[in-house]
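Me: Hi! I am new to reading protein structures, and I would like to go through this one step by step. Could you help me?

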Amino acid sequence: LSEQRQSEQRLLERREGSFATVQGHYYSAPPRIERGWRHHLASTEGRSYLDIVNNVAAVGHAHPRIEEAVTRQLRRLNTNSRFHYSSVVEFSERLAGLLPDPLDTVFLVNSGSEAVDLALRLAIGATGQHDVVALREAYHGWTYASDAVSTSIADNPNALTSRPDWVHTLDSPNSYRGRHRGPQASRYAPEAVHAIAELAASGRPPGAFLAESYYGNAGGVPLPTGYLAEVYAEVRRHGGLAVADEIQVGYGRLGNWFWGFEQQQVVPDIVCVAKAIGNGHPLGAVVTSRAIAERYRDQGYFFSSTGGSPVSSTVGLTVLDILRDEDLQGNALRSGALLKSGLQALGERHPIVGTVHGSGLYLGLELVRDRQSLEPATEETAELCDRMLELGVVVQPTGDHLNILKIKPPLCIDAAAVTFFTATLDRALTELGH
Ligand code: PMP
């Protein structure tokens, strides 16, 4: 075993020597994961882990239908979307069919960052307005434009002081720990409306307002009732467009709604999708109206060598088939409800549990040192994640204070795994004296 440990250590050192990451890897001594199955991961040491974080592998790890479809397609053809083949047409139609009118035109890219970048370019191109309004405590990607609108200080401590001047941020409309809490959260929308009106009055009407339509990065916090309706209306009043980032929360994960914006009863002008749509294969999409897409035509260029390739489109179609055939949105609703009530029950025994955010299989367990002051239990959350790994569960923190366990497992998670997860959390919280 010690020989194996040494060889694992050498591989980790080689990773650090050759592979550029800014965020680094999870855990100081991460297990080497070379296999996955449904909502389970297996290490080279022969341990299995319950995967609570992988919203990318939405239909589960190593799904045989995806493996078969990709293999078949790779044997036949893989090329770019300037060629004419059926899968890109079928996938674009299926995706557009999942969105309300007038969202009928699909751009296929390779990631969420690209989708957000393109969405902002579409909005700026179509409106001729170069300013963008985004929320604080948000993450939207790493490309030039998507990074510019990423404001989470957990990812970048200088995020709020280093945004380019075309980016304007609004208060994180967090009804749990933001400036306005509980019923007072209804104040966020009029304040946002006021800020947008002031921006327009200063001669900089925004071309786009961008937000996750259910606040994933902040821990799965729903936006206050009516928030997007009011803010979208104000942005549109000044000629701008409403852009929804559905990259984390969309595609059935919320259980009750396929898209986060449905919870807010709005229809965005541009929707960004990624992660779940490719189940780990690089695939992202921007969906908008024909009119907005047409206006962009004489403003900019779009072509992606691999976006919407025959293989990517086949993956996209197969993921949609699996979501439907395995009723995974229904499972998100059912398993999510079981999970949420299990986590809420933990709150009765463990004072560190502040609240449980979220819907379906996008939940956030917020840990606080004091339920009145809401002092974030940041170190305790990190310690808890380390202990959970030892006990066979992969779970990680999110939010600006890294004190919220992000709970977003593959959508196929079952009741046995949910019970194991809550029992293991109970045990770890007890052991750590919380
Ligand atoms: N938007 C949101 C809300 C995200 O969570 C992420 C990824 N964490 C992105 C955009 C960027 O997606 P990608 O990593 O595929 O570029």
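Predicted model: local features only at pLDDT ≥ 70, side-chain atom pairs only at ≥ 80, totals over all residues.

Me: In what order do the seven strands of the open sheet come?

Reply: Residues are numbered from 1 along each chain as its sequence is written. Strands (E, at least two residues) and helices (H or I, at least four) are DSSP runs, numbered from the N terminus, and two strands pair if DSSP finds at least two bridges between them. The pairing in this open sheet is mixed, and the order is S4-S10-S9-S8-S7-S5-S6.

Me: Which strands stand at the edges, each with a single partner strand?

Reply: Strands of a sheet pair through backbone hydrogen bonds, either parallel or antiparallel. Two strands here have one side left without a neighbour in the sheet, because each has a single partner strand. They are S4 (105-109) and S6 (167-170).

Me: Which residue of S6 stands opposite alanine 134?

Reply: Strand S5 (residues 131-135) and S6 run parallel, and four bridges join them. Opposite alanine 134 in this pairing stands threonine 169.

Me: Are H6 and H7 roughly parallel or roughly antiparallel?

Reply: Helix H6 (residues 188-201) and helix H7 (residues 227-237) pack with their axes 9 Å apart, at an angle of about 10 degrees. Axes are lines fitted to C-alpha atoms, for helices over the stretch in contact, and angles run from 0 to 180 degrees between N-to-C directions. Angles under 35 degrees count as roughly parallel, over 145 as roughly antiparallel, 65 to 115 as roughly perpendicular and the rest as oblique. H6 and H7 are therefore roughly parallel.

Me: And what is the relation between H3 and H10?

Reply: The axes of helix H3 (residues 86-97) and helix H10 (residues 310-325) come within 8 Å. They cross at roughly 40 degrees. The two helices are therefore oblique to each other.
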